Structure formats: C-alpha cells, structure tokens
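Welcome, and please open your viewer so that we can walk through a few places together. Keep the selection tool handy for each stop.

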Amino acid sequence: MIRVMLVDDHPVVREGLRGMLEAEADLTVVGEAGSGDEAVALDRVALPDVVLMDLRMPGLDGVGATKRILREQPGRRIVVLTTYETDADILRAVEAGASGYLLKDASRTELANAIRAAARGETVLAPSVAGKLVNRVRNPEPQPLSAREVQVLQLVAKGGTNADIGRALHISEATVKTHLLRVFGKLGVSDRTAAVTTAMARNLLT
C-alpha cells in the first residue's frame with residue numbers, strides 16, 4: 001500500500017481527494033492537514049510515502065511546508081496539487097524540492113498514476129507545467145546588471161577605455177575588465193560594442 005497524506009485548506013477538496021484515492025486498491029490516505037504548519041506536524045506522525053500538497057494556504061504555504069518536511073525527511077515524496085500554473089509558482093515548488101506538480105483538474109486515473117510514479121521516485125508533471133519548465137530553461141530570464149556594471153557600460157558607451165573608466169570610478173583596470181566580463185555573460189555577448197547595443201535595446205542604459 002502507498003501511504004498518502006492530503007494537505008489542503010479546503011475540507012471539501014480533501015474529502016473529494018480521499019474518496020478518489022481510496023477507490024484505488026493500492027492507495028490509502030493516512031492523514032489530512034488544513035495548513036502548512038499542520039502538514040509539517042502531521043508528517044512526523046503519519047509517515048506518508050507521498051504528500052499531496054496544496055500551494056496557497058494561509059500561514060505557512062505549500063512551498064514553505066515542502067521545505068520543512070524535506071529538511072526533516074529528505075526522502076519524502078511531495079507532489080504539489082494546485083489550481084495555479086504560473087512560472088513563478090512552478091519554479092518555487094520545484095526549487096523547494098517537490099517531486100511533482102499537478103493541477104486540480106487531473107482525473108482520478110492521472111492522479112493515482114502520478115502518486116504511484118512519485119512513490120517509485122519519479123518526477124511527475126502536468127503536461128502544461130512540463131512545457132512551461134522546458135520553455136523557461138530554453139529561454140531563461142536575463143540577469144539584471146548591477147549598478148556598478150551599468151556605470152561601467154555607460155562609460156563604455158561614451159567611448160571610454162578601461163583605463164578611463166578605472167580613473168572615473170576609482171577602480172583598477174582589472175576590476176573594470178571583471179565588470180565587463182560579467183556584463184558580457186549576462187547579456188550573452190562577446191564584445192563591448194554588442195554589450196552597449198544590447199543594453200540600449202533593453203533600455204538598461206539611460
């Protein structure tokens with residue numbers, strides 16, 4: 001039997017999930033929690049194989065509860081089950097250590113199979129969520145330039161050499177080079193001209 005703990009702040013949702021899961025011969029619900037704090041405490045007693053974790057709850061949210069549970073029980077499998085699929089929510093859950101991310105419109109069969117997969121140590125993701133993660137990896141958000149990097153790039157745009165920039169900012173030429181290399185990396189370019197052009201296109205220079 002796969003032991004499952006339900007975490008959701010809506011009793012009706014928990015009741016529905018319990019009914020769905022206990023219709024499966026190999027799944028049993030060993031506990032229910034209505035908040036993140038309750039989940040952390042109940043996990044120590046219920047010892048589930050898989051936790052179905054709601055994301056947004058009053059007080060300690062699903063991400064916070066996931067982090068705490070995994071800190072105490074690193075091997076616990078936690079699957080987020082939520083109505084939200086924004087990039088930020090998905091990334092927060094994955095970074096917290098969640099084994100999967102499903103949406104509440106999943107069918108009973110999809111949910112049961114996801115729990116079985118998670119119990120086997122597999123990662124389970126709703127198709128739309130998987131697509132968002134792949135897109136995020138392929139098109140990562142650009143890293144912001146620091147205030148000092150912007151200053152250096154502004155002086156480059158005005159035609160300043162490394163020596164000129166160093167004197168203007170009271171830093172060494174080596175430090176100027178370091179700042180420029182970081183700028184190149186963040187902007188995805190390989191030379192000063194491209195850095196200035198790209199920064200202007202992104203409205204990073206005033």
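At what angle do helix H8 and helix H9 pack, and how far apart are their axes? Before you look, keep in mind that this is a predicted model.

**Stop one: H8 and H9.** Select residues 162–169 for helix H8 and residues 173–187 for helix H9. The two pack at an angle of about 105°, and their axes are 8 Å apart. Angles of 65 to 115 degrees count as roughly perpendicular, so that is how H8 and H9 are described. Now show the side chains at the contact: H8 brings Asn162, Ala163, Ile165 and Gly166, while H9 brings Glu173, Val176, Lys177 and Leu180. Sorted by class, this contact has four nonpolar, two polar and two charged residues.

**Stop two: H7 and H10.** Next, select residues 147–157, which form helix H7, together with residues 192–201, helix H10. Here the packing angle is about 110°, with the axes 10 Å apart. H7 and H10 are therefore roughly perpendicular to each other. On the H7 side, pick Leu153, Val156 and Ala157; across from them in H10, pick Arg192, Ala195, Val196 and Ala199. By class, the contact has six nonpolar residues, no polar ones and one charged residue.

**Stop three: threonine 82.** Finally, move to strand S4, residues 77–82, and click on threonine 82. Is threonine 82 buried or exposed? Threonine 82 is buried, because its relative accessible area is 0%. Leaving aside residues up to four places away in sequence, display what threonine 82 touches: Asp54, Leu55, Tyr101, Leu102, Leu103 and Lys104.

Notes: Residues are numbered from 1 along each chain as its sequence is written. This is a predicted model: local features need pLDDT of at least 70, side-chain atom pairs count only at pLDDT 80 or more; totals for chains, interfaces and linings use all residues. Side-chain values use heavy atoms; hydrogens and water are left out. Helices (H or I, at least four residues) and strands (E, at least two) are DSSP runs, numbered from the N terminus. Buried means under 20% relative accessible area, exposed over 50%, partly exposed in between (1.4 Å probe, protein chains only). Contact means heavy atoms within 4.5 Å. Axes are lines fitted to C-alpha atoms, for helices over the stretch in contact, and angles run from 0 to 180 degrees between N-to-C directions. Angles under 35 degrees count as roughly parallel, over 145 as roughly antiparallel, 65 to 115 as roughly perpendicular and the rest as oblique. Ala, Val, Leu, Ile, Met, Phe, Trp, Tyr, Cys and Pro count as nonpolar, Asp, Glu, Lys and Arg as charged, and the others, Gly among them, as polar.
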